[in-house]
Amino acid sequence: MTHNNDIAPRSAEWREELRKALTAKQRGDIPRVAMPELDPAYRITCNGEVNCGISREQAVLEATRCLDCPDPQCIQGCPVNINIPGFIKNIQRGEINEASRVLRSTSALPAVCGRVCPQEKQCESRCIYNKMKKAPVAIGYLERFAADNAESVAVPANKPNGIKIAVAGSGPAGLSFAGEMAARGFSVTVYEALHEIGGVLKYGIPEFRLPNTIVDKEIAALQAAGVEFVKDCIIGKTLSFEDLEAQGFSGLFVASGAGLPRFMGIPGENYIGVMSSNEYLTRVNLMGAGQPGHDTPVLAGGNVAIIGGGNTAMDSVRTARRMGAARVMLVYRRSEEEMPARAEEIKHAKEEGVEFLTLHNPVEYIADETGRVTTMRLQRMRLGEPDASGRRSPEPIEGDIIDVPADMVIVSVGVSPNPLIPNAIKGLDISKRGTIIVDESTMRSSIPTLYAGGDIVRGGATVILAMGDGRRAAAAMAEALLSTDKSTDL
């Protein structure tokens with residue numbers, strides 16, 4: 001696969017001369033590559049991917065910046081421990097297929113991770129360039145380049161061992177686990193409750209950030225490795241834990257996510273036009289709301305407010321712009337510096353005309369005689385002392401309340417674990433938050449044959465953390481099942 005901005009690749013001799021000619025200091029003086037982007041005025045009219053990808057020449061030059069650290073801390077910063085210097089050096093040599101192979105030896109979803117992982121807080125935060133007060137190597141951009149441009153996306157697979165494993169949920173944790181188990185020779189069946197495979201990668205992340213074609217390509221690679229996918233099947237309802245046992249499955253990995261939205265418990269949240277970000281993004285991303293040929297309804301809104309400051313809130317405000325809202329506001333009770341969203345997402349939202357109402361918190365919604373929301377009542381806030389997370393706690397400024405027009409409100413203040421599977425399986429230890437309790441080193445639950453990872457364990461996590469859970473669970477389950485002379489069913 002190539003990109004529209006790709007240019008003719010330089011020769012192997014050019015790459016080798018480049019590597020030999022540059023000292024470490026000269027490598028460090030190469031400026032970090034800039035990601036080409038769609039123009040903001042155009043991109044809000046469509047779902048085209050905003051980040052356009054880097055060219056082959058840009059990738060080789062950026063890979064040349066890597067200083068071959070003797071103790072590469074970037075690997076330690078990656079939740080799935082990708083051999084980052086290994087794949088980067090292959091890009092520098094022009095060996096794109098080998099770079100992809102190195103990536104896929106530990107990651108089932110490199111094209112996804114290269115787009116949506118918070119590299120700035122993980123692998124890139126450990127890059128030695130940070131100590132030199134320089135921009136880190138663009139690891140995420142290079143990961144995306146290698147995944148997108150490799151000729152083959154085959155996932156490694158081992159000789160079949162005849163042991164059947166079930167997976168509940170096809171999000172990042174489930175897909176990562178499935179890829180790891182297939183590579184070890186297990187027969188893996190992934191059950192997805194919805195009509196599309198991909199979980200949150202499909203319903204939660206807009207196509208302008210993660211195109212469905214990219215997710216489908218990664219799923220196809222898993223299918224090529226032998227993973228079977230079953231749609232429209234809810235573990236705990238369509239099929240019980242006992243049903244899986246009767247079908248001969250020897251283990252279950254639960255990756256059912258955190259699909260239960262939270263609200264703030266303030267007056268007016270039940271009015272027409274107030275909804276969760278889960279519902280809004282699912283309607284638009286997965287069910288085609290607002291697109292020709294799709295019957296799923298969605299409110300467009302004239303004055304749209306999104307409550308929250310995380311990546312899901314950013315996805316929602318940017319989606320609202322593309323759905324035609326005249327005014328889109330992000331309402332966040334802390335300052336911009338405290339926002340957990342990625343800096344790139346904040347930048348893109350501002351470029352696209354989103355209005356930031358920081359240090360504001362909704363206290364009530366007001367509706368017209370039909371029950372349709374018309375106004376949000378906001379309490380102005382100030383920052384006090386840091387809370388348990390280290391962020392400064394927001395405090396209300398007494399008597400300072402304003403009314404702002406809003407005919408649509410999208411609440412994005414967090415999610416809770418999906419309660420279906422925890423409530424359906426007897427003997428499963430559950431926390432007060434509704435998460436499945438596991439041994440963090442193995443991801444094994446109180447039921448010996450049941451492992452779990454991702455949001456159903458964490459309550460909310462990034463894609464790469466969920467993938468790390470899946471990888472860790474696969475290693476532990478495989479060891480447990482293969483260490484016995486004969487596996488026992490569920």
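Strand E1 (residues 164–168) and strand E4 (residues 249–254) run parallel and are joined by 5 bridges. Within this pairing, Val167 stands opposite Phe253 of E4. The model described here is a predicted one.

E1 and E4 belong to an open sheet of 5 strands, whose order is E3-E2-E1-E4-E15 and whose pairing is parallel. Strand E3 (228–230) and strand E15 (450–452) form the edges of the sheet, each pairing on one side only. From one strand to the next, the twist averages 20 degrees.

Which strands does H19 lie across? The helix lies across E1, E4 and E15, and runs at about 160 degrees to E4.

H19 (residues 463–482) also meets helix H10 (residues 172–183): the two axes come within 7 Å and cross at roughly 35 degrees. The crossing of H10 past H19 is right-handed. On the H10 side, the contact is made by Pro172, Ala173, Ser176, Phe177, Glu180 and Met181. H19 contributes Val463, Ala466, Met467, Gly470, Arg471, Ala473, Ala474, Met477 and Ala478. By residue class, the contact of H10 with H19 comprises 11 nonpolar, 2 polar and 2 charged residues.

## The antiparallel three-stranded sheet

A further open sheet consists of 3 strands in the order E10-E11-E12, with antiparallel pairing. Strand E10 (360–367) and strand E12 (392–405) stand at its edges; each has a single partner strand, so one side of each is left without a neighbour in the sheet. The twist in this sheet averages 20 degrees from one strand to the next.

E10 pairs with strand E11 (residues 373–386) in the antiparallel sense over 7 bridges. One of the residue pairs links Ala367 with its bridge partner in E11, Val373. The hairpin of E10 and E11 has 5 residues between the strands, and in this hairpin Gly371 takes a positive phi near 90 degrees.

## The β-α-β unit

Strand E8 (residues 327–332) runs parallel to strand E9 (residues 355–358), and 4 bridges join the two. Met329 has Glu355 of E9 as its bridge partner. What is the handedness of the β-α-β unit made by E8, helix H16 (residues 343–351) and E9? The unit is right-handed.

## Salt bridges

How many salt bridges does a search of the whole structure find? The search finds 36 salt bridges. Side chains of opposite charge can pair when their charged atoms come close.

Technical notes. Residues numbered from 1 in each chain as written. Predicted model: local features only at pLDDT ≥ 70, side-chain atom pairs only at ≥ 80, totals over all residues. Heavy atoms only, no water. Pairing = 2+ DSSP bridges. Right-handed = clockwise from strand over helix to strand, strands pointing away. Axes fitted to C-alpha atoms, helices over the stretch in contact; angles between N-to-C directions. Left-handed = near helix turned anticlockwise from the far one by under 90°. Contact = heavy atoms within 4.5 Å. Nonpolar A, V, L, I, M, F, W, Y, C, P; charged D, E, K, R; others polar. Salt bridge = Lys/Arg side-chain N within 4 Å of Asp/Glu carboxyl O.
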